[in-house]
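Dear colleague,

Please find below the structure for your review. A summary of the findings follows directly after it.

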Amino acid sequence: MTTIPTLPRRTPVGRGPGATGVGAGRESRVVNAVLLVVLSVFAIAMLAPLLWMFTTAVKTKPEVFALPPVLWPDAPQWDTFVRMWTEAPILSGFKNSIIVAGTVTVVGSVTSALAALALAKMRLPAKNAIFLGLLSGLMIPYPTIMIPQFVMFSRLHWVDTLLPLIVPLLFGNIIMIFFIRQYLESVPDSLIEAAKIDGASYLTIFGRMIVPMIRPAIAAQFILWFMTVWNDYLAPILYLNSPGKQTLQVVIANLNVEYATQRDYPLIMAASFVALLPILVVFLVFQRQIIASVALTGTKG
């Protein structure tokens, strides 16, 4: 039998064994470069108001309204950050905001986590109905209960104190309860049952087993809740009348009314910039936990 010789097949140019990997690598680098440019543009757009606020705080009054705009003053007025502590009750507002936001978020996070554990893992009668009732409370707009709540607190003689801002929120946040409850659904019931067989109480299970598991979720909700309470303006303006009892946001609003007519915008911007620092500190402290929460949420299931 005569064998017919076969010619070797020519490999098309650019389609060798490593061509696919090289092309994919180039494509991924192009995509990464485009994403870097797009994210950089958005980052600059997000930071621009903050930078403009800081530069305005160290400008003089004529430089604030100068045309073309002054990006950075020739002689920065650093004394504005010193002057705001003496010309306005910034220190007392800062202290009151720290008391309200710190107490509410710390204690409320613990009670929210306990409520989420009870609704997710404990055998309670009608716990699903209770959970739906909590969720339905989110549908009630705050202005509908604002007047009855004010009447109730006025009869308790809590008006012009920090108690109306603290006490109602010490018993948990519905959004945080919902988030942690959904997070706990992925925890096997057998772990809790095994701990109960070993003689552990629910508080022991919560402190030694549940808290390490849900720490990223608590951190993610903590910073969101802290930001909400810290920036709250409506409730403090309703209940706080004395300048020494007002929170920082109310103090800054009063500064805007008092000094805007005098065009002392550097003082207003300095106080506004200082008001952002606690939120930045809280975010930096819980940054790793927030990233871990996002990662675990994406890989769960």
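F54 is partly exposed, with a relative accessible area of 23%, and W78 is likewise partly exposed, at 46%. Here, buried means under 20% relative accessible area, exposed means over 50%, and partly exposed lies in between (1.4 Å probe, protein chains only). Please note that this is a predicted model, in which local features need pLDDT of at least 70 and side-chain atom pairs count only at pLDDT 80 or more, whereas totals for chains, interfaces and linings use all residues. Residues are numbered from 1 along each chain as its sequence is written, and side-chain values use heavy atoms, with hydrogens and water left out.

Aromatic residues

A search of the whole structure finds 15 aromatic pairs. Rings of Phe, Tyr and Trp (its six-membered ring) count as a pair if their centres lie within 6.5 Å; planes under 30 degrees apart are called stacked, those over 60 edge-to-face, and the rest tilted. F54 and W78 form a tilted pair, at 6.0 Å centre to centre and with 50° between the planes. This pair links distant parts of the chain, 24 residues apart: F54 is in helix α1, and W78 is in the loop between α2 (61-64) and α3. Helices are DSSP runs (H or I, at least four residues), and they are numbered from the N terminus. F54 and W78 also belong to one aromatic cluster with W72, F81 and F273.

The rings of F222 and F226 form a stacked pair, because their centres are 6.3 Å apart and their planes are at 20°. Both residues are buried. F222 and F226 are four residues apart in helix α10 (residues 202-230), which means that about one helical turn separates them.

Two rings have a charge placed over them (NZ of Lys or CZ of Arg within 6 Å of the ring centre and within 35 degrees of the ring normal). The charged end of K59 sits over the ring of W52, 3.9 Å from its centre. R181 lies over the face of F131, at 4.1 Å from the ring centre.

Salt bridges

The structure holds three salt bridges, each defined as a side-chain nitrogen of Lys or Arg within 4 Å of a carboxyl oxygen of Asp or Glu. In one of them, K121 meets D189, with the closest N and O atoms 2.7 Å apart. K121 lies in helix α4 and D189 in helix α9 (residues 189-197), so this pair ties together parts that are 68 residues apart in sequence. K121 is buried, at 13% relative accessible area, whereas D189 is partly exposed, at 47%.

R181, already noted over the ring of F131, also forms a salt bridge with E185, at 3.9 Å between the closest N and O atoms. R181 is buried, with a relative accessible area of 11%, while E185 is partly exposed, at 41%.

The side chains of R83 and E87 meet at 3.3 Å, N to O. These two residues are four places apart in helix α3, and therefore about one helical turn separates them. R83 is partly exposed, at 22%, as is E87, at 34%.

Helix α3 and the surface

In helix α3 (residues 80-87), T80, F81 and M84 are buried. They lie on the same side of α3 because they cover an arc of only 100° around the axis, the arc being that of the directions from the helix axis to the C-beta atoms. The face turned away from this buried side carries the exposed residues V82 and T86.

V30, V34, V38 and F42 form a nonpolar surface patch, with about 370 Å² of accessible area together. Patches are made of residues with over 30% relative accessible area and no salt bridge; like charges are joined within 9 Å, and nonpolar side chains (Val, Leu, Ile, Met, Phe, Trp, Tyr) within 5 Å. The areas come from the Shrake-Rupley method with a 1.4 Å probe, and for residues only the protein chains shown count as cover. V30 is placed in helix α1 (residues 19-57) and is exposed, at 51%.

Backbone features

The peptide bond from L67 to P68 is cis, with omega near 0°, and P68 is found in the loop between α2 and α3. A126 has a positive phi, near 60°, in a residue other than glycine; A126 is in the loop between α4 (90-121) and α5 (127-137). H157 also has a positive phi, near 60°, and is found in the loop between α6 (142-155) and α7 (163-166).

Yours sincerely
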